[in-house]
2 protein chains.
Amino acid sequence: MTPYELALRAKEAKDGAARLSEERKNSVLRRLASMLSDERTFLFEENKKDVVEAERIGLPRSLIERLRIDEKVVREMGASLMDVAALPDPVYEIEGMWKRPNGLLVGRMRIPIGVILIIYESRPNVTIEAFSLCLKSGNVVILKGGSEAFHSNLALYSLIRRALEEEGVSPEVVQFVSTKDHSYVNELLKLDELIDLVIPRGGEELIRTVVRETRIPVLKHYKGVCHVFVDASADLSMAEEICVNAKVQKPATCNAMETLLVHKQVAPVFLPPLAERLRKVGVRLKGCPETLRIVREGIEEATEQDWYEEYLDLVLSIRVVRGLDEAIAHIKRYGSNHTDAIVTRDYVNAMRFIREVDSSLVLVNASTRLNDGYQLGLGAEMGISTTKLHAFGPMGLKELTVTKFIAFGDGQLRF
Amino acid sequence: MTPYELALRAKEAKDGAARLSEERKNSVLRRLASMLSDERTFLFEENKKDVVEAERIGLPRSLIERLRIDEKVVREMGASLMDVAALPDPVYEIEGMWKRPNGLLVGRMRIPIGVILIIYESRPNVTIEAFSLCLKSGNVVILKGGSEAFHSNLALYSLIRRALEEEGVSPEVVQFVSTKDHSYVNELLKLDELIDLVIPRGGEELIRTVVRETRIPVLKHYKGVCHVFVDASADLSMAEEICVNAKVQKPATCNAMETLLVHKQVAPVFLPPLAERLRKVGVRLKGCPETLRIVREGIEEATEQDWYEEYLDLVLSIRVVRGLDEAIAHIKRYGSNHTDAIVTRDYVNAMRFIREVDSSLVLVNASTRLNDGYQLGLGAEMGISTTKLHAFGPMGLKELTVTKFIAFGDGQLRF
């Protein structure tokens with residue numbers, strides 16, 4: 001199938017996808033969940049082909065781990081399908097109606113976006129997540145996984161198709177790119193008349209390539225350079241717990257803290273015990289000259305480049321600042337509009353930070369690691385967008401829909 | 001000033017624009033309203049230069065009329081400023097907060113988009129509308145009007161600057177492109193690191209050029225091919241009033257009806273008197289073969305091209321259809337996702353039409369002309385978007401903002 005034919009099939013499946021009943025969609029998701037468990041031997045076998053190949057060509061260990069499908073991954077995929085089945089269906093929901101002076105009733109109705117192209121790397125469970133969120137939100141999805149997970153993704157796709165067919169849903173609502181040829185994706189990215197949205201999930205390079213190659217709207221985040229600012233009035237033991245959690249709990253994620261900003265009044269008290277605790281769990285520390293004076297040992301001097309860095313690892317850069325203004329200015333200059341937190345007991349500073357920091361989630365007295373669809377109460381999500389338009393923050397079911405205006409009248413005209 | 005310098009100035013004015021108080025913004029708008037009236041002689045003089053030039057180069061009469069600033073236009077601009085001053089300020093408003101099981105309070109806060117480039121043609125009052133909506137929504141605006149209105153726009157801009165300065169607001173929140181050189185705009189369109197959104201307002205050609213030249217998100221509508229479908233069960237006198245209003249009240253607008261679809265059961269009764277009434281007010285009629293059999297005189301045969309056409313004039317194409325499915329299929333094929341209406345007394349058909357027609361406004365028993373910010377109760381607007389993402393329909397103050405997530409905690413971590 002040519003890229004054009006594939007995208008055209010997707011477009012032609014739009015109406016059917018939009019009109020699936022909530023019950024039908026949930027039946028597909030639940031059937032797929034049990035199918036993943038029943039067919040796990042098949043999944044393990046197909047996955048093994050990818051893992052063996054990855055080892056042969058010498059991919060890094062961390063990548064191979066993310067690639068692997070084991071009992072735990074199968075259980076997690078099943079659970080995520082059940083989670084999405086439990087979420088309310090947003091399609092054709094009406095968000096508020098109001099009455100105009102001429103009696104016209106006006107409201108906003110949620111409708112699917114249409115055809116969504118998802119381009120992702122490594123973790124094969126994204127195949128299941130992307131499919132389930134797109135199905136539930138009434139969209140058609142085109143799946144393009146990484147070539148390193150090709151057999152795993154193809155196996156998952158074959159189960160998705162079976163689940164759709166067994167529930168009487170057209171399997172055309174999911175399209176799968178079954179070639180490793182890069183030019184195929186580049187052709188898809190040119191089809192802005194057929195594809196409504198592209199969501200690249202993966203490294204910065206993948207995302208930059210997609211943005212360069214397409215005129216289709218893209219929801220993306222390049223990187224997460226997240227900050228915690230410990231203010232002069234902070235509860236220092238709370239601040240310490242937040243900093244350790246934000247840096248250590250899962251350092252490879254986009255919402256982990258990369259830079260700590262500390263008010264100069266509390267830095268001499270706050271930094272030495274924190275530094276010791278972080279070093280004990282293996283965190284490599286870098287600091288501004290003032291931090292070096294305070295912490296003294298086991299810390300390197302941070303370079304200008306460090307403030308821009310998304311380490312995604314047990315590395316932390318620390319800067320002592322003169323106050324809120326300098327903290328906000330630092331975040332504006334080096335940040336990535338992803339997630340930033342203040343720890344403070346000062347009401348005015350808390351509210352200024354909330355207003356003035358321009359990130360997809362701004363927190364007071366809580367860990368940056370909470371920027372996640374489940375943690376914020378949106379349910380399953382398709383990643384976190386730092387694109388401001390349309391969706392800024394975790395993209396849940398609601399962010400995979402748009403609204404149109406509707407009006408119920410009884411003969412209203414315009415004069 | 002180079003395009004880069006101008007856009008950089010705009011970007012640097014973002015924080016200041018976002019933080020203006022509602023009172024300050026309203027004072028500027030009210031001051032400008034009275035200034036327009038006080039300085040109307042100056043405006044008329046500057047406008048005359050454009051009109052004289054337009055006449056000299058032989059621009060069409062309709063264009064020259066849209067260009068002209070007279071007492072009425074000055075009053076309308078003043079009124080629109082007062083309207084925007086009366087609208088609630090959306091900036092930093094919190095749209096709902098909810099509590100998570102760990103006690104974290106999560107909500108969405110409205111923030112400005114940032115720097116908005118508006119490219120428009122002809123009508124100089126767009127200068128005032130674009131400025132007032134962007135100021136009130138906390139955005140910085142770059143104004144690029146048509147060269148045919150150059151002196152008028154420059155005069156309006158000079159008053160805007162004075163109003164800002166007299167109220168103590170940095171005039172940098174409005175940037176004005178004071179060259180007629182096309183390459184200047186093309187350079188601006190390349191600055192996706194500095195400009196957050198482009199809104200082209202004008203003909204299809206202008207919009208296509210902008211889309212082709214930029215990677216900045218664009219809110220647009222190419223054209224409005226709007227339909228009214230008169231169902232078999234319609235109240236035919238209501239249907240006649242709606243059709244006449246939708247076609248005749250202001251035929252040059254994007255929400256005027258271009259194609260009428262009539263159920264075959266009522267076509268023989270409904271069409272002849274409607275056709276006569278429309279012909280009497282000067283509407284040129286085109287029809288499908290079935291329509292020609294019914295109406296017989298004073299009607300031409302419609303070509304395939306007619307169904308795609310946005311006449312923007314007293315021309316109407318009419319098609320007889322076998323029912324709702326055919327009507328919806330016609331709209332899907334030839335429509336422009338702008339505005340479509342059904343006239344019916346059938347509940348099931350009304351609800352199917354509302355759900356299945358994919359337009360920015362879908363109406364039951366009301367005129368397509370009602371697709372407008374004021375008519376729908378949103379207040380002043382910046383045009384109607386048929387781009388689905390971010391804003392679909394009239395773009396009011398809310399559509400000129402986005403939301404970020406905010407969270408108030410007391411030490412919440414992730415486990």
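**Close-up 1. A right-handed β-α-β unit in chain A.** Strand S7 (residues 226-230), helix H11 (residues 236-248) and strand S8 of chain A make a right-handed β-α-β unit. Right-handed means that, with the strands pointing away from the viewer, the path from the first strand over the helix to the second runs clockwise. Helices (H or I, at least four residues) and strands (E, at least two) are DSSP runs, numbered from the N terminus. The model is predicted: local features need pLDDT of at least 70, side-chain atom pairs count only at pLDDT 80 or more, and totals for chains, interfaces and linings use all residues. Residues are numbered from 1 along each chain as its sequence is written, while chains are lettered from A and ligands numbered from 1 in the order in which they are written.

**Close-up 2. Strand S8 of chain A and its two partners.** S8(A) spans residues 257-263; seven of its seven residues are buried, so the strand is largely enclosed by the rest of the structure. A residue is buried if 20 or more other C-beta atoms lie within 10 Å of its own, exposed if 12 or fewer, and partly exposed in between; C-beta atoms are placed from the backbone. S7(A) pairs with S8(A) in the parallel sense over five bridges. Here A:Leu261 of S8(A) faces A:Phe229. Strand S11 (residues 315-321) of chain A also pairs with S8(A), parallel and over five bridges. In that pairing A:Val262 has A:Val320 as its bridge partner. Pairing requires at least two DSSP bridges between two strands.

Close-up 3. S1(B) runs antiparallel to strand S2 (residues 105-112) of chain B, joined by four bridges. B:Met97 stands opposite B:Gly107 of S2(B).

**Close-up 4. The contact between chains A and B.** 50 residues of chain A are in contact with 50 residues of chain B. Contact means that two C-beta atoms, placed from the backbone, lie within 7 Å. The largest share of the chain A side, 11 residues, comes from S16(A). By class, that side has 26 nonpolar, 14 polar and 10 charged residues. Ala, Val, Leu, Ile, Met, Phe, Trp, Tyr, Cys and Pro count as nonpolar, Asp, Glu, Lys and Arg as charged, and the others, Gly among them, as polar. 100% of the interface residues of chain A are also interface residues in chain B, so the copies meet through the same surface.

**Close-up 5. The rotation axis.** A rotation of 180° with 0.0 Å of shift along its axis superposes chain A on chain B, with RMSD 0.0 Å. That is the relation of a two-fold axis. Of the chain A residues, A:His390 comes closest to the axis, its C-alpha at 2.0 Å.

**Close-up 6. A:Tyr92 in its loop.** A:Tyr92 lies between helix H6 (71-86) and strand S1 (94-99) of chain A. A:Tyr92 is partly exposed, with 19 other C-beta atoms within 10 Å. Beyond its neighbours within four places in sequence, A:Tyr92 is in contact with A:Met109, A:Arg110 and B:Arg355.

Methods
Least-squares fit on C-alpha atoms with pLDDT ≥ 70 in both.
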